Amino acid sequence: MFNRDNWKEIFETIQKNKLRTFLSGFTVALGILIFVVLYGFGNGLKNTFNEFFGNDATNVLYLFPGRTSEPYLGYKANRRIEFDNSDLKDIKENFAMFLDYVTPQISRGALAKYGEESDNYSIRAAAPSIQEAEKVILMEGRFINQSDIDNKTKNIVIGRLVKKDLFQGKPALGEFIDLGGSSYRVVGVFQDDGGDREERIIYMSYTTRQRLDKATDKVDQIIVGFKPAIGYEGAMALEKSLSTYFREKKYISPKDPNGMYIRNVTDQLKQNQQFAGVLQIIISFFCVGTLIAGIIGISNIMVFVVKERTKEIGIRKALGATPKSVIGTILLESIFITTISGFIGMMIGVGILTGLGDTLKDYFITDPYIDMGIAIASTIMLIIFGGIAGYIPAKRAADIKPIVALRDE
Amino acid sequence: MAMIEIKDLHKSYQMGSNSLHVLKGINFSVEAGELVAIMGSSGSGKSTLLNILGMLDEANEGSYVLDGVPIKNLNETKAAQYRNKFLGFIFQSFNLINYKSAAENVALPLYYQRMPRKERQEKAIKYLEQVGLKEWATHLPSELSGGQKQRVAIARAMAAEPKVLLADEPTGALDSKTSYEVMDLIQKINDAGNTILVVTHEPDIADMCKRIVHLKDGVIVEDKKVKQVRAAQYV
């Protein structure tokens, strides 16, 4: 079956039946092309999705103070609630077994100057563990550490884009930046996958910020990182007990919706994961559908090709072709065409996906891609099914008595 | 020993609930080098007989021996091999493969004999030369006239050097002048010692053979040697 003469015969047949070759090749190439592009788009959608929701840690509760809207225990309504360092300590003491870390956060904007360059940035004052909550990745130097907290140092860690803006490519570590009138030493540079905004941030110790704010002990919000092991149910329970605890401590009515807020990312996470799951199902459905349509397309073409060749098969059999050689020739020809055009279609599809990159971001498709393994596996699947689809009519045609086949006009 | 030996051959076709008895006991033998016309009106069973002789169809009853080889219970593969080795076919509608050139068509039976490519091509050209179409070797069938197509088909039938040539209405699709040219060629091939069977319903074509077998309603009604009319005189 694999001698050179057979292949020459097959190549000649392919060459001299350009339309037929083109038709079957085109069907296969188009099928696999659409599959690859659709699959890639699906991955692109997921990328967009992850970019929207996936850049911060998910085992985190955010506590914000608010303003009461109901009177409670002799306190009037519209009272402003504030968090302070004692609250941090209380959380640490009372909920220790659930916690990974606790950090306050105080956000301010400030004009930062270095030499001739200056710009406004948001400054986050926090404890070292905010690195985990925000998934900050250090590029150089170090992050804020406990000694910065204890000594209220004027050390800062700047975002990648802050460095780019202010230092213009010069080294930043150890340099001093002027922040709202006093100078701070850069001890680290970080990056963040959460986008440009997240890389235009400057971190400092919250104790330093509190000293600057006239030696207060107030904090804007509290970020509680809990042990992932407690799971979704545990996180919901923790949210509830934190709420109860703080409402008691701050004298807020249990029914007051505005006294304080807790943002629970796990809850969102669960919804997001469900949404992503539905997305995945829809995409898989489309892809499988395309693949099946491709297989049906190839089968049709193969039936047509064999039907068209019935008379030729009759002639060949009258001249001494055995059924095996008839089937072998037709199969090898079709597999050859499907293999070549399948891989061409696949490569074009992969090329399109690579070329698109971010251009479809407005349509929620970011960096579409397909795993080469899946692309190749589906191409091979199409080739195998094309072969099976070709074998059945070829076998039938080869079994037709030559006189019947010769009569076929 | 006879080249073809047929004894008590029966063939019937099942048409729904009716059975159509086409051949009703044919006894018939052909010696090597004969040129036999099988005549009969349509429905007489002449094409069926030829198809059975050509192993394109199988008899229900009776024996068929070709050059000492009993042809019986052949599977498709075996039948294909025998056809390739023993028989050359010439059809009324030529049956050339339309996307292959004249030379490639002639070389096709040799391909199934597993002959090396180069040898195949040389042989194809040689046989095309014999039928006077060497210059047309690279042309496609669509570029040839009916007579030329039939001559290519004859060259193809000859190329495998078969023991018997079977021609089914070889002149059926041709005008009389071209018919005589084709018959002239067939006579010349016969002169060279080849055994040829021609199915025809045209008396003038039959007269150009050396023996006429007349079929009617599935039996041989007449089997006579005739004085051959040479086709060359009409060409």
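**Sheet, interface and helix pair**

Modeller: Chain B has an open sheet of four strands, ordered β2-β1-β4-β5, with antiparallel pairing. Strands are DSSP runs of E, at least two residues, and helices are runs of H or I, at least four, numbered from the N terminus. Two strands pair if DSSP finds at least two bridges between them. This is a predicted model: local features need pLDDT of at least 70, side-chain atom pairs count only at pLDDT 80 or more, and totals for chains, interfaces and linings use all residues. Residues are numbered from 1 along each chain as its sequence is written, with chains lettered from A and ligands numbered from 1 in the order written.

Colleague: Which are the edge strands?

Modeller: β2 (18-30) and β5 (69-70) of chain B, each pairing on one side only. β5(B) pairs with β4 (residues 61-66) of chain B over two bridges. There, B:L66 stands opposite B:V69.

Colleague: New topic. How many residues of chain B are in contact with chain A?

Modeller: 18, against 19 residues of chain A. Contact means C-beta atoms, placed from the backbone, within 7 Å.

Colleague: Which helix of chain B gives the most?

Modeller: α2(B), with six residues.

Colleague: And helix packing: at what angle do α11 and α12 of chain A pack?

Modeller: About 155 degrees, with axes 8 Å apart. Axes are lines fitted to C-alpha atoms over the stretch in contact, and angles run from 0 to 180 degrees between N-to-C directions. So α11(A) is roughly antiparallel to α12(A), the term for angles over 145 degrees.

Definitions and conventions:
Contact = placed C-beta atoms within 7 Å. Parallel < 35°, antiparallel > 145°, perpendicular 65-115°, else oblique.
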